[in-house]
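I opened this entry to record what I looked up on aromatic ring pairs and on the ligand site.

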Amino acid sequence: TGVTTLDPGFVNTASCTSAITFIDGDKGILQYRGYPIEQLAEKATFIEVAYLLIYGELPTQTQLDDFYGKISRRMMLDERLRELYRSFPRGAHPMQVLAAGVTALGAFHRDHLDVHNPEHVEESSLRLLGSMPTLAAYAYKSSIGAPFLYPQTKLGYVENYLRLSFGTPMEEYEIDPDVVRAFETLFILHADHEQNASTSTVRLVGSADANIYASMSSGVAALSGPLHGGANQAVLEMLREISAEGLNIKDFVAQVKDKKSGVKLMGFGHRVYKNYDPRAKIIKGHADTLLRGSDKNNHLLDMALELEQTALSDDYFIERKLYPNVDFYTGLIYEAMGFPASHFTALFALGRLPGWIAQWREQHADPNRKIGRPRQIYVGEKERDYLPINER
Ligand code: CMC
């Protein structure tokens, strides 16, 4: 009923109200529950931020210990889930394996799938937070044919994840506190971003009362696209290609500006930010410190910096207000820390998980919620009669 307006890509349509994340795209402001992203990225831990997003307030020390205790006790996977990894071919993309793993969690923990039962919702939220890093680390381990380790409750969230990814059963994994802090920051910066494609997908699937695991796995699927979270992998591949082909940065930018080429500057542009993405600003600083300190990827970092500088002083990018987004510099850091490019988007998914959970829960707590059901404007054939096959 009423007038149906067409809004491709939902450029002007709000799908919900939310009290979780605030963005001012013109000013480049991002806040979680009112806290500026810059403060959280510098001072908080990822688990503190997860608590903040999901429950609305920063935790006290007791609340934080209790929350993380529950999460860490849910890091170990059912042994039969290991079989899942055996069934994928070598070289399977981690995002596909991760989406399958998250869906499978719903099959293994089917006693807590009632979306109307708050205890079930709490249990499955904690289960997801605990298990997803293990699922992602095993996707990586199985892709290189390396043995799986078990998580350890004595380790922090990020420590566990790094050890599960890079540790071996043969020796103690040495944890580098600088790398841990960098990941805390990166995960925090990815933790929520209001109604982006994956979060809106989580909400849409959730609006049908599909269980929380099914909703999260649809979020993983949406995030895998190169226009969304998959951009972090695409940026590194773009930099490598420019380098391999010995392309001059100015020539590459000229290619991007020529619409017929179909080449985009990956890691640039954003639907909401018409100013520097505040997350990219923080990550750029970290990339500089981490990479210059380690001598890793310096050549690619220099190329990225030159690309940014060239683009930001070019009318094409200025007129369209295209700036580096969160994905522009992350891959350089992830790779320097040992992750292959195909794994980058899984790291984004681990960071985004608390946001998806918080948004799913906010939607379910809303007494006015409705199933998501967009309308369309039909442009097909008028009514016509069926023709028998020999008359067509
Ligand atoms: N390179 C070249 N031109 C671009 C780019 C780019 N990266 N991004 C936008 N444009 C142009 C676009 O062609 C259009 O030009 P015109 O007005 O002449 O037709 C104009 O800028 C506006 O772009 P749009 O495509 O209408 O913008 P959108 O809001 O629909 O798309 C976007 C946003 C992020 C999908 C797009 O900027 C893009 O494809 N960027 C590259 C992929 C990327 O980095 N994605 C990560 C997004 S941020 C984090 C995340 O979600 O993971």
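**Aromatic pairs**

I found that ring pairs link Phe-46, Tyr-140, Tyr-157, Tyr-161, Phe-166, Phe-183, Phe-187, Tyr-334, Phe-339 and Phe-344 into a cluster. Rings of Phe, Tyr and Trp (its six-membered ring) pair if their centres lie within 6.5 Å; planes under 30 degrees apart count as stacked, over 60 as edge-to-face and the rest as tilted. The model is predicted: local features need pLDDT of at least 70, side-chain atom pairs count only at pLDDT 80 or more, and totals for chains, interfaces and linings use all residues. Residues are numbered from 1 along each chain as its sequence is written, and side-chain values use heavy atoms, with hydrogens and water left out.

My search of the whole structure gave 22 aromatic pairs. For Tyr-51 and Phe-67 I noted ring centres 5.3 Å apart and planes at 80°, so this pair is edge-to-face. Tyr-51 has a relative accessible area of 11% and is buried (under 20%; exposed is over 50%, partly exposed in between, with a 1.4 Å probe and protein chains only). Phe-67, at 4%, is also buried. I then took Tyr-276 and Tyr-323, whose centres are 6.2 Å apart with planes at 55°, so the pair is tilted.

**Ligand site**

I listed 22 residues around the ligand (a heavy atom within 4 Å); His-228, Lys-259, Lys-264, Leu-265 and Arg-271 come nearest. A side-chain N or O atom of His-228 lies 2.7 Å from a ligand oxygen, and for Lys-259 the corresponding distance is 2.6 Å.

Methods
Polar contact = N/O pair within 3.5 Å; in protein donor to acceptor, adjacent residues only side chain to side chain.
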